[in-house]
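Hi there,

Here is the structure I promised to pass on.

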Amino acid sequence: MLNRRDAIKLGSVAGAALIFPTKQLASALSDDPPEVRPFSVPLSIPPVLKPTRSTADTDFYDMRIAETELEILPGIRTRTLTFNGSFPGPTIRAQRGRNTVIRQFNGLPGPATVHLHGADVPPSSDGHPMDPIAPGQARVYRYPNDQRAATLWYHDHTHHLEGERVYRGLSGAYLLSDPVDARLPLPSGEFDVPLMLRDAKFDSGGQLVFVPDDFLNRPTILVNGRPQPYFEVKRKLYRLRLINGSNLEMFKFRLSTGAPFLQIASDGGFLRVPVARHEIDVWPAERAEVLVDFRSVPQGTAIALQNAAALSENKRDILQFRVGGGASWSKPEIAIPGWPRARVPSAREEIPGWPSNDPLRGRATKTRRFVMRLDLGSGRFVINDKGFDPDRVDATIEHGSTEIWEIVNDDAALGIQHTMHLHLVQFRVLDRNGKPEPAYDAYPKDTVRLFPGDVVRIQATFDSHLGRYPFHCHFLDHATHSMMGQFEVVPRR
């Protein structure tokens with residue numbers, strides 16, 4: 001029986017040969033990167049992008065996609081792909097009820113697209129892989145922000161290039177607020193911190209090396225573009241927005257002290273009730289918002305954010321919190337079970353205007369089945385035995401319909417994991433292998449994990465925009481290998 005690494009090699013070696021000449025590929029696979037001691041560099045916080053102008057209901061931005069040399073490893077300039085020269089890209093903070101309009105200029109020698117992951121947007125602004133910005137040209141993306149508060153993120157989605165483009169830096173955080181979010185007693189300002197996490201491989205010269213599907217040979221973990229950094233925190237409550245922006249790396253977050261997180265949100269917004277959790281799975285493209293309480297932690301304490309699912313010991317410690325001073329946080333607090341020595345705020349349903357948090361607005365009228373697997377004959381990742389074809393629509397959906405999608409990971413024998421991401425909608429995960437999904441992993445979701453052999457059912461309502469949208473594995477190296485399809489929302493007959 002093939003193991004996962006042997007199986008992936010069938011596709012990855014051929015893919016790598018398209019990017020690297022043979023000698024260069026051999027060198028890239030063998031060179032050892034410069035050593036960086038864990039927790040020896042400070043965490044960087046991506047800049048918040050400022051509007052170039054604003055009107056009563058719209059904020060306008062200008063961004064440039066270009067190759068940039070930046071310091072990722074200490075003292076070394078690394079060639080990256082960036083939005084506005086930042087790795088990761090600048091954070092965009094948007095508000096529900098205000099439009100965001102971004103003019104993206106493509107300064108790369110090839111085409112580019114920009115997808116706002118998790119957003120309910122018209123197809124003209126979705127960043128479809130076949131809807132590129134030509135080199136030297138610009139495109140205007142319009143985001144209506146007509147959805148609940150959520151941690152979203154944007155990234156390149158160019159056909160057959162998305163895996164390498166995102167790996168080389170084209171991604172950033174998009175943080176959407178709404179009136180409910182503003183009313184909740186949550187940390188804000190410097191205590192509301194996006195953390196974009198990903199894996200990477202560097203050669204001996206400190207340059208990024210991309211070999212498709214090489215999930216075991218990306219030994220460096222980057223947090224906001226810095227290798228295993230430290231973060232000097234105050235004795236306060238922090239809202240951490242965990243964004244898995246990696247191509248293949250799977251995280252199971254935990255704190256080295258054994259203290260729990262309070263998870264308040266998943267991919268598409270707040271959970272109906274926050275939940276104390278000691279470990280949180282966040283696979284590629286998934287997000288989780290958590291509260292971490294440092295108020296009762298003695299000054300001078302060091303706490304590590306760890307990955308309990310790390311495949312090697314050097315990748316287990318991700319980020320070190322170094323606790324400094326600071327007075328207790330002063331906003332209203334509610335006691336939560338599982339936090340015996342601290343009181344933390346709760347986003348509970350009694351908040352006025354709190355949404356019902358229920359996407360099941362109608363009875364499902366259709367069930368579809370999608371099987372994900374690696375085709376050993378062609379070395380391609382496929383859905384229902386088909387690779388991506390931009391001229392084919394795999395699901396035609398009438399506007400307003402509610403559907404159940406049964407998604408199967410048919411790679412049990414190979415031990416290959418997948419995720420499934422649907423553009424346009426947030427969905428509810430109904431069950432996994434016949435068992436209900438825990439509430440904290442059920443809704444609101446736009447990306448779902450699939451362990452080898454899993455059968456997962458999701459339910460979504462397609463009642464916003466008309467048009468054609470992709471769905472795909474968000475192990476981006478798999479999507480680049482053709483594990484993608486399209487659905488089209490059409491007027492109701």
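His160 is partly exposed, with a relative accessible area of 45%; on this scale buried means under 20%, exposed over 50% and partly exposed in between, with a 1.4 Å probe and protein chains only. His160 sits in the loop between strand 8 and helix 3 (162-167), where helices (H or I, at least four residues) and strands (E, at least two) are DSSP runs numbered from the N terminus. Its phi is near 70°, a positive value in a residue other than glycine.

Before I go on, please keep in mind that this is a predicted model, in which local features need pLDDT of at least 70 and side-chain atom pairs count only at pLDDT 80 or more, while totals for chains, interfaces and linings use all residues. Residues are numbered from 1 along each chain as its sequence is written, and side-chain values use heavy atoms, with hydrogens and water left out.

Asn145 also has a positive phi, near 55°, in a residue other than glycine. Asn145 belongs to the loop between strand 7 (138-143) and strand 8 (150-156), and is buried at a relative accessible area of 4%.

Now for the chain as a whole. The protein chain has five helices and 32 strands, and 60% of its 493 residues are buried. Taking contacts (heavy atoms within 4.5 Å) between residues at least 6 apart in sequence, 76% join residues at least 24 apart. The accessible surface, from the Shrake-Rupley method with a 1.4 Å probe and, for residues, only the protein chains shown as cover, comes to about 18,800 Å². Carbon and sulfur atoms account for 50% of that surface.

One joins Phe87 and Pro88, with omega about -5°, and Pro88 lies in the loop between strand 3 (77-83) and strand 4 (89-95). Another joins Tyr443 and Pro444, again with omega about -5°; Pro444 is in the loop between strand 28 (435-436) and strand 29 (447-450).

Is Ser246 buried or exposed? Ser246 is buried, at a relative accessible area of 2%, in the loop between strand 14 (237-244) and strand 15 (251-255). Its side chain makes a polar contact of 2.5 Å with the side chain of Asn244; a polar contact is a pair of N or O atoms within 3.5 Å, and within protein one must be able to donate a hydrogen and the other to accept it, with residues adjacent in sequence counting only if both atoms are side-chain atoms. A polar atom of the Ser246 side chain also lies 3.1 Å from the backbone oxygen of Glu249.

Gln207 reaches a backbone as well: a polar atom of its side chain lies 2.9 Å from the backbone nitrogen of Arg79. Gln207 is buried, at 13% relative accessible area, in the loop between strand 10 (192-200) and strand 11 (220-223).

Cys473, at 0% relative accessible area, is in the loop between strand 31 (467-472) and helix 5 (476-480). Leaving aside residues up to four places away in sequence, Cys473 touches Met372, His418, Thr419, His478, Ala479 and Met483. Val41, at 4%, lies in the loop between helix 2 (22-30) and strand 1 (53-54). Its C-alpha is 9.8 Å from that of Ile72, 31 residues apart in sequence.

Happy to talk any of this through.

Best wishes
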